[in-house]
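Please look through the structure below before reading on. The paragraphs after it go through its parts in turn.

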Amino acid sequence: MFLQPKKIKYKKIKKGKLKKLEFKSNTLHFGELGLKSMCSGVINACQLESARKAIVRKMNRKGKIWICVFPDLPITSKPTESRMGKGKGNVTHWVSRVKGGTTIFEICGIPKYTAIEALKAGSHKLSLKTKIFD
């Protein structure tokens with residue numbers, strides 16, 4: 001199963017709004033090379049998992065990878081062709097809010113050119129504009 005919280009206080013919460021640009025965590029804490037978002041938005045848990053798989057595949061399962069964001073925001077939707085009203089819809093998927101400049105993945109333990117290739121492959125799976133940095 002994809003990333004999602006084990007236990008939450010409220011089943012359905014309001015999404016809120018994200019600021020356009022806010023460069024907060026644009027430094028590396030664990031790895032040598034990182035992938036950061038250039039704009040704010042949301043990343044689906046499925047997108048995050050497929051990006052992680054693509055990165056691991058390009059790394060040939062060597063080195064170490066850190067995922068720095070976690071999908072903790074439930075997104076609800078009502079089924080198609082259902083009438084208006086009767087409450088909020090069921091939780092369909094989980095997303096993570098990402099501000100501009102937030103580090104998404106960090107990598108270490110492999111050569112730099114391989115790491116850049118791997119992060120590029122992972123960035124194609126995400127819906128946001130991203131940048132590789134060290």
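How many aromatic pairs does the structure hold? In this predicted model, the structure holds one. The pair is formed by F30 and W66, with 5.5 Å from centre to centre and 20 degrees between the planes. Planes under 30 degrees apart count as stacked, so the pair of F30 and W66 is a stacked one. F30 belongs to the segment before β1, while W66 is in strand β3 (residues 64–67), so the pair ties together parts that are 36 residues apart in sequence. F30 has a relative accessibility of 52% and counts as exposed.

Another ring, that of F133, has the charged end of K36 over it, 5.1 Å from the ring centre.

Next comes the sheet. Three strands make up an open sheet, ordered β2-β5-β4, with antiparallel pairing. The edges are β2 (41–44) and β4 (73–77); each has a single partner strand, so one side of each has no neighbour in the sheet. From one strand to the next, the twist averages 50 degrees. β2 is joined to strand β5 (residues 90–98) by four bridges, and V42 has R97 as its bridge partner in β5. Across β2 and β5 lies α1, which runs at about 65 degrees to β2.

The largest nonpolar core has 18 residues, of which I43, I55, I104, F105, I107, L119 and L126 touch the most other members. Two or more residues of this core come from each of β1 (33–37), α1 (45–58), β6 (103–108) and α2 (112–123). Apart from neighbours within four places in sequence, I43 has contacts with L48, W94, V95, S96, V98, I104, L126 and L128.

Note on methods
Residues are numbered from 1 along each chain as its sequence is written. This is a predicted model: local features need pLDDT of at least 70, side-chain atom pairs count only at pLDDT 80 or more; totals for chains, interfaces and linings use all residues. Side-chain values use heavy atoms; hydrogens and water are left out. A nonpolar core is a set of buried Ala, Val, Leu, Ile, Met, Phe, Trp, Tyr and Cys residues joined through side-chain atoms within 4.5 Å. Buried means under 20% relative accessible area, exposed over 50%, partly exposed in between (1.4 Å probe, protein chains only). Contact means heavy atoms within 4.5 Å. Rings of Phe, Tyr and Trp (its six-membered ring) pair if their centres lie within 6.5 Å; planes under 30 degrees apart count as stacked, over 60 as edge-to-face and the rest as tilted. A charge sits over a ring if NZ of Lys or CZ of Arg is within 6 Å of the ring centre and within 35 degrees of the ring normal. Two strands pair if DSSP finds at least two bridges between them. Axes are lines fitted to C-alpha atoms, for helices over the stretch in contact, and angles run from 0 to 180 degrees between N-to-C directions.
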